[in-house]
Amino acid sequence: MIRAVFLQSDPQMDRNDEEAAFKRSQKALSSKSAVQLLFLQAMTWTGNQIHRNLLDGSDKQAIDVGCAYGYVTSLLALLRYDSVGFDISRYALRKGKEANR
C-alpha cells in the first residue's frame, strides 16, 4: 500500500516557485530506475551489516520523509512494505502519484 501525505510547505514559496524548484531538481532525479537501484543497493548492504533481510517487507512498515516523486516509496511497496511518503511539495506528490499509477 502506498500513501502520500502533504506537509505544510514554506508559506513564502508560491506554487510557481515550488514547481520551478522541483523541475530544476528533476534533472538529478530523472531516472526512477537509477534512484531505486541505489536504494536497493543501500538496503542490501545495510541488511548484510545487521544480518536481516530488508528486501522482504512483509509485516514491515516504512516511512519515506521527503519522498518527492515517490520513487523509493513505490519501491518499498513493491517489496511488500506498508509504506507512506511525506513531502512538503504538493507538486512533487501530484507528479509522484501520476508516475506511480
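Before the first click, a word on naming: helices (H or I, at least four residues) and strands (E, at least two) are DSSP runs, numbered from the N terminus. You're looking at a predicted model, where local features need pLDDT of at least 70 and side-chain atom pairs count only at pLDDT 80 or more, while totals for chains, interfaces and linings use all residues. Residues are numbered from 1 along each chain as its sequence is written, and side-chain values use heavy atoms, with hydrogens and water left out.

**Stop one: the β-α-β unit.** Together, strand 2, helix 3 and strand 3 form a right-handed β-α-β unit. Strands 2 and 3 run parallel and are joined by 5 bridges; for two strands to count as paired, DSSP has to find at least two bridges between them. To see where they line up, pick Gln61, which sits opposite Asp82 of strand 3.

How many of the 8 residues of helix 3 are buried? The count is 6, so helix 3 is largely enclosed by the rest of the structure. To highlight them, select Tyr71, Val72, Thr73, Ser74, Leu75 and Leu76.

Check its backbone: phi of Ala68 is near 50°, a positive value in a residue other than glycine. Ala68 counts as buried, at 12% relative accessibility.

Jump past helix 3 and you'll land on Arg80, again with a positive phi, near 75°. Is Arg80 buried or exposed? With 54% relative accessibility, Arg80 counts as exposed.

Tyr81 is in the loop between helix 3 and strand 3 as well, but at 7% relative accessibility Tyr81 counts as buried. Show its side chain together with Leu54: a polar side-chain atom of Tyr81 is 2.5 Å from the backbone oxygen of Leu54. That's a polar contact, meaning a pair of N or O atoms within 3.5 Å; within protein, one must be able to donate a hydrogen and the other to accept it, and residues adjacent in sequence count only if both atoms are side-chain atoms. From C-alpha to C-alpha, Tyr81 and Leu54 are 9.7 Å apart in space, and 27 residues apart in sequence.

**Stop four: the salt bridges.** There are 2 salt bridges in the structure, each needing a side-chain nitrogen of Lys or Arg within 4 Å of a carboxyl oxygen of Asp or Glu. Asp56 is partly exposed, at 27% relative accessible area.

Finally, select Lys95 and Glu98, which form a salt bridge with their closest N and O atoms 3.7 Å apart. Lys95 and Glu98 are 3 residues apart in helix 4 (residues 90-99), so about one helical turn separates them. Glu98 is partly exposed at 41%, and Lys95 is partly exposed at 29%.

Key: Buried means under 20% relative accessible area, exposed over 50%, partly exposed in between (1.4 Å probe, protein chains only). A crossover is right-handed if, with the strands pointing away from the viewer, the path from the first strand over the helix to the second runs clockwise.
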